[in-house]
Amino acid sequence: MRGIPLYVSTSWFVIAGLYVWLRYEGLTAILVDPAEAATIAVLTAVLFFGSVLVHEAAHAIMARSLDLPVSGITLVFWGGATETKASAKGPLGEFLVAFVGPATTLALAGVFWFAETLTNGLVAETLGWLAYISVLFAGFNALPGFPLDGGRMLLAAVWGLTGNRRTAMRAAGYGGIVIGAVIAAVAVWRLTSDDLGMALFLGYVAMILIATGRSMDQRIAFRDQLVKGTVADAMRPPPPTVPAGMSLMQALDEYLRGADGQGFPVVDAGRVIGTISIESARKVGGRDPMRPVRDGVRPLTQMPVLAPDETLDDALEWLGGREGLVLRDDVLVGAIGPDDVERWYRRVIEGRADGAVASGPPPPRMVTPAPGSVPPRPDLP
């Protein structure tokens, strides 16, 4: 969508299919025509899950309005996630990117309610239900517990008031524990009311909130170690670059063949304009293999791009388990991934050489995203 890739996890399809089936089963109890019931069930699902996408798109639009990169939107069974660097714009930027999601969902509730007043019968009932569920999700998502949008807003507010992001992270973590405990109590109550599906969903959300909150102190201590290093300290030499004017056929022969899943930086007049992989090249080269590489590049906005002077705590959060490029004034100077950060951690913080085995607990897994970051994308191993 406007250069932002949209990823949909397998779990999303499972939940969407289950939703349509349950809605259809409910409608057939009051409708004689199964075809009409199926049509309404599908349309309701499109509006419902479409509102989730609009919610995530609102995050992306706000991020781009603040000149922040957006490398993707991922839909999962419990909602979605937008990959951006909101913290780069300080507490106000982080607050605005988080706030616009629940606000958009609430606005959609108003649209559904207004549409309900213009209709009648089963259509009006369906729109009324969509308005109700949108209000419910907007309020739920605005609860001040990490990693909900409300938790991010709480983090931004405390950060702005104290000027200390560590204090803000701790406050958001405690908020997650409190909100998670309340949701867990509601889940138990729903279980006693024979509402197993809702009880399981709320129990899962409570588990995520409490686990994230309880790990916050450990995460903060981990970030305090990573802040001692910069991207330049941990990066490795840059990968081979592909000239933008080279034909896709030549790039396939010289770079891409046998490199499935690997991307190569594309350089035009000394500046990196994107990356090329065998997958992105096929989209264009399958029709015209003589077209230049620049026609098949994946934009830099769709991958992590870091500066050499960024601290490793922010870099690891933005990487989120992926590989990134290191640019200085659009010129490629290196590459970095979670494994590079881990090697730096072992060498500098633990004082041991790469591959050395030390006694005691293992170091933190660098591929684990920082709290509040997005879940692993479906296109990543």
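Me: Which hand does the crossing of H6 and H8 have?

Reply: The crossing of H6 and H8 is right-handed. Keep in mind that this is a predicted model.

Me: What is the angle at which helix H6 and helix H8 pack, and how far apart are their axes?

Reply: Two packed helices are described by the angle between their axes and the distance between those axes. Here helix H6 (residues 165-192) and helix H8 (residues 216-226) pack at an angle of about 160°, and their axes are 9 Å apart. That angle makes H6 roughly antiparallel to H8, because angles over 145 degrees count as roughly antiparallel.

Me: Which residues meet where H6 and H8 pack?

Reply: On the H6 side they are Arg-165, Arg-166, Met-169, Arg-170, Gly-173 and Tyr-174. These meet Met-216, Asp-217, Ile-220, Arg-223 and Asp-224 of H8.

Me: Now the sheets. In what order do E1, E2 and E3 stand?

Reply: Strands of a sheet pair through backbone hydrogen bonds, either parallel or antiparallel. In this structure, three strands form an open sheet with the order E1-E2-E3, and the pairing is mixed. E1 and E3 are at the edges with a single partner strand each, so one side of each has no neighbour in the sheet. On average, neighbouring strands of this sheet are turned by 20° against each other, direction ignored.

Me: How many bridges join E1 to E2, and how many pair E2 with E3?

Reply: Strand E1 (residues 6-8) runs parallel to E2, and three bridges join them. E2 and strand E3 (residues 79-84) pair in the antiparallel sense over six bridges. Val-76 has Gly-79 of E3 as its bridge partner.

Me: Is strand E2 buried or exposed?

Reply: Seven of the seven residues of strand E2 (residues 70-76) are buried, so the strand is largely enclosed by the rest of the structure.

Me: What is the strand order in the sheet that holds E8?

Reply: That open sheet has three strands in the order E8-E9-E10, with mixed pairing. Strand E8 (305-306) and strand E10 (331-336) are its edges; each has a single partner strand, so one side of each is left without a neighbour in the sheet. E8 and strand E9 (residues 324-328) run parallel and are joined by two bridges. Leu-306 stands opposite Val-326 in E9.

Me: Where is Pro-265, and is it buried or exposed?

Reply: Pro-265 lies in strand E5 (residues 264-268). Its relative accessible area is 0%, so Pro-265 is buried. Leaving aside neighbours within four places in sequence, Pro-265 is in contact with several residues, including Pro-239, Pro-240, Val-272, Leu-325 and Leu-332. Pro-265 and Pro-69 are 196 residues apart in sequence and 18 Å apart in space, C-alpha to C-alpha.

Me: What is the average pLDDT of the protein chain, and where is the pLDDT below 50?

Reply: The protein chain averages a pLDDT of 84, and 91% of the residues score at least 70. Over residues 355-381 the pLDDT is below 50, and this stretch has 55 contacts in the model beyond near neighbours in sequence. Where pLDDT is low, the predicted coordinates should not be read in detail.

Note on methods. Residues numbered from 1 in each chain as written. Predicted model: local features only at pLDDT ≥ 70, side-chain atom pairs only at ≥ 80, totals over all residues. Heavy atoms only, no water. Buried < 20%, exposed > 50% of the residue type's maximum accessible area, 1.4 Å probe, protein only. Helix = DSSP H or I, 4+ residues; strand = E, 2+ residues; numbered from the N terminus. Pairing = 2+ DSSP bridges. Axes fitted to C-alpha atoms, helices over the stretch in contact; angles between N-to-C directions. pLDDT = per-residue confidence, 0-100. Contact = heavy atoms within 4.5 Å. Parallel < 35°, antiparallel > 145°, perpendicular 65-115°, else oblique. Left-handed = near helix turned anticlockwise from the far one by under 90°.
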